Amino acid sequence: MVREDGKRNFALRESGGDESSVFSGNTPRQAALKAARRLEPGSSEDDAERVELRLREKGTSKVHIYDGWAWEETAPDDKPDWMPNEITEANVSKEGIEHLEE
């Protein structure tokens, strides 16, 4: 379901079907990137562990499946004062869409 501001809500599904967190975004990928930033970061992008993320779009039976990973990186030189020196970056790769039969 689309909110008034154009964003959609996506629930992160655990392996047992529990939906622990909700992420919002204009696209499923945007919500998946937000979820991936919460993963345990690796020391570099190549060392980061790939984790399957399953996001169900609220109000539908569509589950968007992504592989997500996160890593630590040095913040850019022109960073704002409030930003820490080490930041978490993330990336995702779409694996497909499933439809729930509920």
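The chain contains one helix and five strands (DSSP runs numbered from the N terminus, helices being H or I of at least four residues and strands E of at least two). The structure is a predicted model, in which local features need pLDDT of at least 70, side-chain atom pairs count only at pLDDT 80 or more, and totals for chains, interfaces and linings use all residues. Residues are numbered from 1 along each chain as its sequence is written, and side-chain values use heavy atoms, with hydrogens and water left out.

From the N terminus, the order of elements is β-β-α-β-β-β. Along the principal axes, the C-alpha atoms fill a box of roughly 50 × 35 × 20 Å. Of the 102 residues, 35% count as buried (under 20% relative accessible area, 1.4 Å probe, protein chains only).

H64 is located in strand β4, residues 62–74. This residue is buried, at a relative accessible area of 3%. Its side chain forms a polar contact of 2.9 Å with that of K94 (a pair of N or O atoms within 3.5 Å; within protein, one must be able to donate a hydrogen and the other to accept it, and residues adjacent in sequence count only if both atoms are side-chain atoms). Not counting residues up to four places away in sequence, H64 touches F10, P28, L53, R54, L55, E57, K94, G96 and I97 (contact: heavy atoms within 4.5 Å).

A75 is placed in the loop between β4 and β5 (86–99) and is buried, with a relative accessible area of 9%. With residues up to four places away in sequence again not counted, A75 touches M83, P84, N85 and I87. A75 and R8 are separated by 67 residues in sequence and by 30 Å in space, C-alpha to C-alpha.

Terms used
Buried < 20%, exposed > 50% of the residue type's maximum accessible area, 1.4 Å probe, protein only.
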